[in-house]
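Morning, everyone. Please put the structure up on the screen, and I will go through what can be said about it.

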Amino acid sequence: MQIRQLGALVITAAAGDTKGETAIGGVVAFIGLIASQYLGGWDTALKVLVFLMIADYISGLLGAVKTKTVNSEIMFWGGIRKGVVLGVIALAVLLDELIGGEVPVFRTIALYFYSGREGLSVVENLGVLGVPLPPALTKFLEQLQQKGEGKQ
């Protein structure tokens, strides 16, 4: 009896309790699969960028709440800007495919550049929140941005 209940629990967790949950889960998985394909795969560089984008958005919101400057239009356009960045990454993937190289040069440059920018933005937001950061982390993010700009 316990094995049957465990099996039902696993299937329910994977598929959802209702048809609606299953459908929504399937749609989200499909969108994630397509996005991952167009962004060149779900590797560490892309994970870092997405993490920094989320951290920037949240820390920016918290900083705006602290300084009492929350503006829904700024938040909306910040989200749009992040979507455009992902579009640039997708374009970089297509350019890499166009030149036919084995190494994703354009994608890597774009990911480093935008990771550096997002990281510096997070550092600025954390400064507004009064969170001290190690100088080595700040220096690393500045170097990452410089790599993306081709300065190193």
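Let me start with one term: buried means under 20% relative accessible area, exposed means over 50%, and partly exposed is in between, using a 1.4 Å probe and protein chains only. At 9% relative accessibility, Glu 118 therefore counts as buried.

Two sentences on the source. This is a predicted model, where local features need pLDDT of at least 70, side-chain atom pairs count only at pLDDT 80 or more, and totals for chains, interfaces and linings use all residues. Residues are numbered from 1 along each chain as its sequence is written, and side-chain values use heavy atoms, with hydrogens and water left out.

Now the overall layout. The chain has 6 helices and 0 strands, where helices (H or I, at least four residues) and strands (E, at least two) are DSSP runs numbered from the N terminus. Of the 152 residues in the chain, 24% are buried. A contact means heavy atoms within 4.5 Å. Among contacts in the chain with a separation of 6 or more, 65% are between residues 24 or more positions apart.

Next, charges. Side chains of opposite charge can pair when their charged atoms come close. The term salt bridge is used for a side-chain nitrogen of Lys or Arg within 4 Å of a carboxyl oxygen of Asp or Glu. How many salt bridges does a search of the whole structure find? It finds 3.

One of them joins the side chains of Arg 107 and Asp 43, at 2.8 Å from N to O. Arg 107 is in helix H5 and Asp 43 is in the loop between helix H2 (19–38) and H3, so this pair ties together parts 64 residues apart in sequence. Arg 107 counts as buried because its relative accessibility is 5%, while Asp 43, at 30%, counts as partly exposed.

Lys 82 has a salt bridge with Asp 56, with the closest N and O atoms 2.7 Å apart. That pair links distant parts of the chain, since Lys 82 is in helix H4 and Asp 56 in helix H3, 26 residues apart. Both residues, Lys 82 and Asp 56, are buried.

Lys 82 also forms a salt bridge with Glu 118, and here the closest N and O atoms are 2.9 Å apart. Glu 118 is in helix H5 and Lys 82 in helix H4, so parts 36 residues apart in sequence are tied together. Through shared partners, the salt bridges join Asp 56, Lys 82 and Glu 118 into one network. Leaving out residues up to four places away in sequence, Glu 118 touches Leu 49, Leu 52, Met 53, Asp 56 and Lys 82.

Now the nonpolar side. A nonpolar core is a set of buried Ala, Val, Leu, Ile, Met, Phe, Trp, Tyr and Cys residues joined through side-chain atoms within 4.5 Å. The largest one has 12 residues, including Leu 49, Met 53, Val 85, Ile 89 and Phe 113. Which elements give two or more residues to this core? They are H3, H4 and H5.

To finish, the residues from the network again: Asp 56, Lys 82 and Glu 118 are joined by salt bridges that share partners. Glu 118 is found in helix H5. That is all from me.
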